[in-house]
Amino acid sequence: MAPDTVASPPAAPDSSQSSACSQPTDSSQPTLVKQVQRMLTPPADLLEWKDMPQHLQFNPYVLTGYRPLQGVKGCLSSLFYVHNETINILTHVPAMMPWEKDYRFLSWCHLVGSVAPWCGSFVYHLFMNLENGEGIYYRLLQLDMLGIWISQSFGALPMVTATVYCLSSPLKWLLIISYSLLCIWGLYKAMTASSPWQRRLCFLLPFSMRIILTLLRISKLGGGNPSSLTHVFLQLRCRFERGKTN
């Protein structure tokens, strides 16, 4: 009688195959930490000043860290790594300012004038390296100047109105309209400026009129007290001294 055959035990599964099936590979499903690290890591192709197009070579003192020309997605992703425009972008994030309950139109002027330059400069510095060419760059630059103009015109109206508040009605409206006309002239100069110095000087006349109105405000003619400005500086000094002691 033939001996009974003994059945061989089943083969153990391959450990390498089981581990491959149970644990997903890093290449198929990257972890969140690696995605964040990849996002925060500056690209290796940051350029130098000499490698940039001519319209982006306006600051010869910053030599490295320039972003290459990119699309909208590339510009937005540059929010998450350090380059030559990082400080300009982060310091122009829109910020809300205090709200005034009375004089609603002047409150809106104050709010819009406070926020507009931050918005315009934020968009300009973020998208200045768009790959669409020099024309788009100058449109963004005009947007930046428009935000500054809104701050210089609408943002200054509460100060102008408060300065002429005690004057007669005809003189009051003459000064307000004069300042508005100077602001319109400044807008034209800002939109047509072809050099950095022209862009700086386009607000010279409105600025000069605000200086004159400030002097008028602290004089008896403007209804103010000549000693009031001294008290303002004394208050600032007290705050500074209190800050040093704290």
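**Figure 1. Lining of the largest cavity in the predicted model.** By class, 4 nonpolar, 2 polar and 2 charged residues make up the lining of the largest cavity. These residues are Met52, Leu56, Tyr66, Arg67, Asn84, Glu85, Met128 and Asn129. The space in the largest cavity amounts to about 80 Å³. The structure is a predicted model, and a search of the whole of it finds 2 cavities of 30 Å³ or more.

**Figure 2. Lining of the second largest cavity.** The second largest cavity has a volume of about 30 Å³. Ser78, Leu79, Tyr81, His83, Thr86, Ile89 and Leu90 form its lining. Sorted by class, the lining of the second largest cavity holds 4 nonpolar and 3 polar residues, with no charged residues.

Figure 3. Pro68 is located in the loop that runs between helix H2 (32-40) and helix H3 (72-77). Its relative accessibility is 15%, and Pro68 therefore counts as buried, the cut-off being under 20%. When residues up to four places away in sequence are not counted, Pro68 touches Asp45, Leu47 and Asn129. Of these residues touched by Pro68, Asn129 also belongs to the lining of the largest cavity. Met52, another residue of that lining, is 16 residues from Pro68 in sequence, and the two C-alpha atoms are 7.6 Å apart in space.

Figure 4. The volume of the largest pocket is about 690 Å³. Its lining comprises 29 residues, and Phe58, Tyr124, Tyr137, Leu141 and Arg199 lie nearest the centre of the pocket. Two or more lining residues come from each of helix H5 (104-127), helix H6 (134-153), helix H8 (169-192) and helix H9 (196-201). H6 gives the most, with 7 residues. By class, the lining of the largest pocket contains 14 nonpolar, 11 polar and 4 charged residues. Because domain 1 (31-94) and domain 2 (98-226) both contribute residues to this lining, the largest pocket lies between them.

**Figure 5. Helix H6 and its buried residues.** The 20 residues of H6 should span 28 Å at 1.5 Å a residue, and the end C-alpha atoms are 28 Å apart, so the two values agree. Buried in H6 are Tyr137, Leu140, Leu141, Asp144, Met145, Gly147, Trp149, Ile150, Gln152 and Ser153. An α-helix has 3.6 residues a turn, so residues three or four places apart point the same way. Among the buried residues of H6, Tyr137 and Leu141 are also named with those nearest the centre of the largest pocket.

**Figure 6. Helix H8 and its packing partners.** Leu175, Ile176, Tyr179, Cys183, Gly186 and Ala190 are the residues buried in H8. The buried residues of H8 pack against H6, helix H7 (157-163) and helix H10 (204-217). H8 is also one of the helices that give two or more residues to the lining of the largest pocket.

**Figure 7. The chain as the setting for the close-up views.** The chain contains 11 helices and 0 strands. Of its 246 residues, 28% count as buried. Among contacts in the chain with a separation of 6 or more, 58% are between residues 24 or more positions apart.

Terms used:
Residues are numbered from 1 along each chain as its sequence is written. This is a predicted model: local features need pLDDT of at least 70, side-chain atom pairs count only at pLDDT 80 or more; totals for chains, interfaces and linings use all residues. Side-chain values use heavy atoms; hydrogens and water are left out. On a 1 Å grid over the protein atoms alone, a cavity is a set of points where a 1.4 Å probe fits but cannot get out, and a pocket is an open set with protein on both sides within 12 Å along at least five of seven lines; lining residues have an atom within 4 Å of a point. Grid points are joined across faces, edges and corners, and a volume is the space filled by probe spheres set on the points. Helices (H or I, at least four residues) and strands (E, at least two) are DSSP runs, numbered from the N terminus. Ala, Val, Leu, Ile, Met, Phe, Trp, Tyr, Cys and Pro count as nonpolar, Asp, Glu, Lys and Arg as charged, and the others, Gly among them, as polar. Domain bounds come from an automatic or database domain assignment. The expected span of a helix is 1.5 Å times one less than its number of residues. Buried means under 20% relative accessible area, exposed over 50%, partly exposed in between (1.4 Å probe, protein chains only). Contact means heavy atoms within 4.5 Å.
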